[in-house]
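Thanks, everyone. I'll keep this brisk, and we can go through the structure together.

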Amino acid sequence: MPAYARATFDQVMVPNYAPGAFVPVSGKGSRVKDRSGRVLIDFAGGIAVTALGHCHPRIVKALRRQADRLWHVSNVVTNEPALELASKLVAKTFAERVFLCNSGAEANEAALKLARRVASDNEIVKGKRPDLARRHEILAFQNAFHGRTLLTVTATGQKKYLEGYGPLPAGIRHVPYNDLAAARAAITDRTCAVIVEPMQGEGGVTPATKAFLKGLRKRCNEAGALLVFDEIQSGAGRTGALYAYMKYGVTPDILTTAKGLGAGFPIGAMLTTAKLAAHFTVGSHGTTFGGNPLACAAALSVLDTLVADDLCANAARMGERLVQGLRARLAGTPGVVEVRGRGLMVGIELREPCGHLVQAALEQGLLINVTADNVIRLLPPLVIQAAEVDQIIDTLAALIAAQAGGAQSAA
Ligand SMILES: Cc1ncc(COP(=O)(O)O)c(C=O)c1O
């Protein structure tokens, strides 16, 4: 393949991204390398995707094996990797039925469409006209992120992602995250679903409180609304449990998962109960690539590796080391508000916007991500070991301290 540089991006790609100058060509574990041989430690993890690091031998082997067998058959027939993956997800979670798709947004789109459909079907059963179905509202939360399709970006609700796309789908409301009183008041007999991230990622790496999720569950039960957990970022072991809901002890009606599930191979899934799934009758929803054998083979090897290598426990241990280490090193550093996280989903909130730190970190050999303007988001692979965690603590603490020093001398 000819050598390409960052400059080509501006000539041939739609300009909806602003990628950095580093163009990786290979990766191994938590490191990526460019053509010149420069190596970076990847603490952005493809935004919570590369759960097993880059090119994990088990996934590579599974993909190679599947690549020699069967790539695609569409949903006109089913296939063995899809059936095995769905069986595993059913065995390991609350779910009884699985809808396979290709991305997080698609999984959420399916979840919200299913909720609307369930409400509509129930209205029809009661003898009302479906076009007049009262129960259609979706409640979401401020600072959420649920995807970029028109329905999921409306559920995301952040102005910066919505501008210029109207008219938007109707019936979606937002109240502050972790504000149970506001949510309770907003959930009525018009609400078909409440969609919530047990841990907001893009919104600033903010965990839900247990009382909030338990309260949502109770209110949804009272009002007859479905509770949807968006675990697209927090799922597949990242927070130290296979899915974050397991540690909260609150079970949703629908759960969405993607990102780390394929650990770099595009796949998404919507998990639900048999009773709810029955409303997605033949032809009512679908996607050409859903259940793709290659994607399912990759996801199967991810689930197997999470268990075989005890990676949820490693995520919990390494996450604790990262948070405690950062807290200790950053104590008293001006401009640091808080270090928080669950497992290997960790945020460092700074007082000031810190997008420029991504470039500064890159120069130090580190790939990081900044979200919500002022939160450094760390999403390393779940296979990470103590030495690398300590290295990131050192590098980041020095970087943040230098920026604090710079800000002080500039002030
Ligand atoms: C919580 C959450 N939901 C949904 C999405 C959308 O997923 P995708 O980009 O795969 O469509 C994301 C992506 O960042 C996410 O973090």
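Start with P167. This proline sits in the loop between α7 (159-162) and β6. Look at the bond before it. The peptide bond from G166 to P167 is cis, and its omega is near -5°. Most peptide bonds are trans. One caution before going on: this is a predicted model.

Stay in this part of the chain for a moment. L150, Y165 and L168 make a nonpolar surface patch of about 280 Å². L150 belongs to helix α6, residues 150-156.

Let me zoom in on β12. Take the β4 side. β4 and β12 run antiparallel, joined by 5 bridges. Here R97 stands opposite T272 in β12. Now take the β11 side. Strand β11 (residues 254-257) pairs with strand β12 (residues 268-272), again in the antiparallel sense, over 4 bridges. On this side, T256 is opposite M270 in β12.

How enclosed is β12? Of its 5 residues, 5 are buried, so β12 is largely enclosed by the rest of the structure. In a regular strand, side chains alternate between the two faces of the sheet. For β12, both faces are covered. G268, M270 and T272 are buried on one side. A269 and L271 are buried on the other.

Next, backbone angles. Most residues other than glycine have a negative phi. I have two alanines to show you. A263 lies in the loop between β11 and β12. It has a positive phi of about 50°, although it is not a glycine. A263 counts as buried because its relative accessibility is 8%, under the 20% cut-off. The other alanine is A48, in helix α2, residues 45-48. A48 has a positive phi of about 70°, and it is not a glycine either. A48 is buried too, with a relative accessible area of 2%.

On to a helix. Helix α13 covers residues 311-330, so 20 residues. How far does α13 reach? From its first C-alpha to its last it spans 27 Å, close to the 28 Å expected at 1.5 Å a residue. An α-helix has 3.6 residues a turn, so residues three or four places apart point the same way. Keep that in mind for the buried residues of α13. Among them are L311, N314, A315, M318, L322 and L326. The buried set also includes G319, V323 and L330. Just after α13 comes G332, with a positive phi of about 85°.

Last stop, N374. This residue is found in the loop between β16 (369-371) and β17 (375-378). Is N374 buried or exposed? N374 counts as buried, at 17% relative accessibility. And how far is N374 from H72? The two are 302 residues apart in sequence. In space they are 43 Å apart, C-alpha to C-alpha.

That's my tour. Over to you for comments.

Note on methods: Residues numbered from 1 in each chain as written. Predicted model: local features only at pLDDT ≥ 70, side-chain atom pairs only at ≥ 80, totals over all residues. Heavy atoms only, no water. Pairing = 2+ DSSP bridges. Patch = residues over 30% accessible without salt bridge, like charges linked within 9 Å, V, L, I, M, F, W, Y side chains within 5 Å. Areas by Shrake-Rupley, 256 points an atom, 1.4 Å probe, with all protein chains shown as cover. Salt bridge = Lys/Arg side-chain N within 4 Å of Asp/Glu carboxyl O. Expected span 1.5 Å × (residues − 1). Buried < 20%, exposed > 50% of the residue type's maximum accessible area, 1.4 Å probe, protein only.
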